[in-house]
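The exercises below go with a two-chain model. Try each task on the structure before reading its solution.

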Amino acid sequence: MRDLFPNAFHVARREYRVRVRGRAFKFTTALLGIAVAVLTMLPAILEAVGIEDPPEIAVSVGSDDLSTDPVVAVQALLIAAADPGAVLEGEAPAPVPDAEERARVTRTRDPDTAAQAVRDGELDGLLTITRSESGDLAFEYLSNSGPTNQTRMLVTQAATALAIGDRLERAGVSTAESGELFAPPDFTAIAADPDEARSEEDFAGAFILAYAVVILTFMAILTYGNWVAQSVAEEKSGRVMELLITAATPRQLLTGKVIGTGAAGLTQYVVIVGALLIGLVLNGPISSLLGVGGGTPLPLPDLTPIMIAAFGLFFMLGFILYSTLYAAAGSMVSRIEDVQQAVGPLIFLSMAGYFAAFGGLNDPSAGWVQVLSLIPFFSPYLMPSRMLLTTPSSAEVVLALALLAATVVAAIWLASRIYSAGVLMYGQRVGIRSILRATRVSR
Amino acid sequence: MEGTPPAPVISIRALTKHYGSVEALTDLTLEVNQGEIYGFLGPNGAGKSTAIRTLLGYLHATRGTASVLGMDIATESVEIRRLTGYLPGGIALYDSLSGEQVLDYLVDMQGRQPHRRAELCERLELPTSVLKRKVRDYSRGMRQKIGVVQALQHDPELAILDEPTEGLDPLMQHAFYSILDDLRREGRTVFFSSHVLSEVERLCDRVAIIRAGRLMAIHDVGELLARRRRRVTVRWRGAAPDPASLPGLEDVQVDGNRIIGMLSGEVAGFVRSIASPNLDDLIIEPASLEEAFLEYYASEEPGQ
């Protein structure tokens, strides 16, 4: 690290300025910022212009001996996701203030007109209930929605509840009794580790945040790592490198480049995240301004400052680790077109971490997740999600950070050797062997 | 010119660089002394750039050793590059910076003061208006000028310049030569490559000639010029004397009262021998170094 700094700083400053002042940077940053802000407000805006209409369903009942009003039952599920038992007891859905905004279920006596309305797109669905020869209830749902459509799934649930209630009734069980049958059991989940006890909303918030952390880390590494590789390859193929290297050492150039490009990347990042936050904050006021309900605010889990600091460290170290290696990869090619090929293994590695983290989100205390969350190339993805979803011991977190930091040092050492050997090798394809040979002699 | 020869600034011993089976440079041995303007001459592709880039640690020698400013090129290349003013052949600069920003950037990193920049820019006709423009908009010649300025702006002890006049118009070449003259006067050492003989003749104290990666000869330019043959035309009033009586004159043609021949060696002896009241006219045409080289090669074709 001998006299790394004045020059690495000069390099970083130039890199940062050129990058941030570039037209492409300004344009992309502004575009992404606006896109993110608009996206967060999109539901409110769509609702206001009426694209995101609440579902409207017509029910045609071909049998008049139903004990439960199917309209009420479907409405109950669509609006309040009420439990089927309550539905069968004939309880009207709990009054929801903006029920009208959420779903409208009407009974129709003219199924043909209603079916045409569905085909014309005026209605979202038509549920036809008939009694079949066997005496059972038969349901037909006419709509344009696929099997994963929320409304269709709720309608299916309502149909199931209606059919079972009807069978029980025919078997001589009264509606009130069948209501009891459907009541959810008294089920309590108790966390073995009292530290892990948390409310479900808190967990949901943590889950979403963990997703966000993994995706943002992945995008930062992929995008800004690529910037580093590209700009190294540009300097090399344009032969500016030959001049630069008279003034600064390869290690100074490498460090400066990673810092400068990283800082530019983070600048863009901060703008985007800032736009996201502004979007979230403005969501409420804008929704009420537009006169629509707006989404419920995202429940954020409790974060201690230490946790936030740890996330920051994992992100920075992971970012430096990958971009240092991206720089080394960029120094190995002679033509800019070959950069993608050279960074292939790194992309693969970061993808592996990304997918592992996604798998890990569903089962954060699995053994393999615990092991991978300590391994340097994966820990920037996995450890933050583990910290959000479970409570790894602080020894584990510190160990993961220490391993990551040690790997960063090793990567800088290796990368600056590859870089000093690579940046000046022109014309020849740089293979593993020539790199190894060059790293032995160069400094 | 010098008294006792000081330690050489550049010392190259049997330097060899092979790319696979391609022998870019074979057994180059030469020394450059302090205060010398040393020309490194050869046709394109002779291995000049390979030698220079090996000296600066950009390439690793296959065999042989060399030292620059007393430092070994294999182990101390970082320091060598820092202390040497270097102009790469076919220079590339950051397009997105202005000429001035490029110069500032490099001098900042070298941690030195650009003492000579103002003077160099003036002599090479790089006004502020040009320096403020982006390199992207520069012509080939402007880039080359910036390259020369960056190599010399911090007044290095040693400058290694790869084809410095490439892309400069004749006027600017001239300005560059006069800059080198001044450097010599100040005791700086310059090692530069060229494929233009007249340039070397004009500037250098010594010149190494390289061809196909091998050193052909090292010459003291003064000596070479002294040794070269001159075309001599002498006219007498009356009959010409017997050509055999004229020392050092070869390839003699007698044309009435006129003798034309090639004179090699000292001029003084010849002039004394023709001095007579009958001497009507004497023309001694200076042979260029180019002719001297051609002669040299004609007699010593590489046959090793």
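Predicted model: local features only at pLDDT ≥ 70, side-chain atom pairs only at ≥ 80, totals over all residues.

**Exercise 1. A strand pair in chain A**

In which sense do strand β3 (residues 125-131) of chain A and β4(A) pair, and over how many bridges?

Step 1. β3(A) and β4(A) pair in the antiparallel sense, over seven bridges.

Step 2. Four strands of chain A form an open sheet, ordered β2-β1-β3-β4, with mixed pairing. The edges are β2 (104-107) and β4 (137-143) of chain A, each of which pairs on one side only. From one strand to the next the twist averages 20 degrees.

Step 3. Helix α6 (residues 111-120) of chain A lies across β1 (56-61), β3 and β4 of chain A and runs at about 145 degrees to β3(A). Helix α7 (residues 150-170) of chain A also packs on the sheet, where it touches β1, β3 and β4 of chain A. The direction of α7(A) makes about 170 degrees with that of β4(A).

**Exercise 2. The surroundings of one threonine**

Is T40(A) buried or exposed, and which residues is T40(A) in contact with, leaving aside its neighbours within four places in sequence?

Solution. Step 1. Locate the residue: T40(A) is part of helix α2 (residues 23-49) of chain A.

Step 1. Count its surroundings. There are 20 other C-beta atoms within 10 Å of T40(A). The cut-off for a buried residue is 20 or more, so T40(A) is buried.

Step 2. List the contacts beyond four places in sequence: L276(A), G279(A), L280(A) and N283(A).

Step 3. Chain A has 443 residues, of which 37% count as buried. Among its contacts with a separation of 6 or more, 75% are between residues 24 or more positions apart. Chain A holds 17 helices and four strands.

**Exercise 3. A sheet in chain B**

In what order do the four strands of the open antiparallel sheet of chain B stand, and which of them are at the edges?

Solution. Step 1. The order is β12-β13-β11-β14 (chain B), and the pairing is antiparallel.

Step 1. β12 (249-255) and β14 (279-285) of chain B each have a single partner strand, so these two stand at the edges, with one side of each left without a neighbour in the sheet.

Step 2. Direction ignored, neighbouring strands of this sheet are turned by 15 degrees against each other on average.

Step 3. Check one pairing in detail. Strand β11 (residues 230-236) and strand β13 (residues 258-263) of chain B run antiparallel and are joined by six bridges. R231(B) has M262(B) as its bridge partner in β13(B).

**Exercise 4. Positive phi in chain B**

Where is A212(B) found, and what is its phi?

Solution. Step 1. A212(B) is found in the loop between β9 (206-211) and β10 (214-220) of chain B.

Step 1. Its phi is near 50 degrees, a positive value in a residue other than glycine. With 15 other C-beta atoms within 10 Å, A212(B) is partly exposed.

Step 2. Now look at A14(B), whose phi is also positive, near 50 degrees. A14(B) lies in strand β1 (residues 10-19) of chain B. A14(B) is partly exposed, with 13 other C-beta atoms within 10 Å.

**Exercise 5. Where the chains touch**

How many residues of chain A are in contact with chain B, and how do the axes of α1(A) and helix α3 of chain B cross?

Solution. Step 1. 17 residues of chain A are in contact with 17 residues of chain B.

Step 1. On the side of chain A that touches chain B, α1 (5-21) and α10 (240-247) of chain A each supply at least two residues. The largest share, six residues, comes from α10(A). By class, the residues on this side of chain A are nine nonpolar, five polar and three charged.

Step 2. The axes of α1(A) and helix α3 (residues 99-110) of chain B come within 9 Å and cross at roughly 160 degrees. Angles over 145 degrees count as roughly antiparallel, so α1(A) is roughly antiparallel to α3(B). Their crossing is left-handed.

Step 3. Name the residues. N7(A), H10(A) and R14(A) of α1(A) make the contact with Y105(B), D108(B) and M109(B) of α3(B). By class, this contact has two nonpolar, two polar and two charged residues.

Methods
Residues numbered from 1 in each chain as written. Chains lettered and ligands numbered in written order. Contact = placed C-beta atoms within 7 Å. Nonpolar A, V, L, I, M, F, W, Y, C, P; charged D, E, K, R; others polar. Pairing = 2+ DSSP bridges. Axes fitted to C-alpha atoms, helices over the stretch in contact; angles between N-to-C directions. Buried ≥ 20, exposed ≤ 12 C-beta atoms within 10 Å, placed from the backbone. Parallel < 35°, antiparallel > 145°, perpendicular 65-115°, else oblique. Left-handed = near helix turned anticlockwise from the far one by under 90°.
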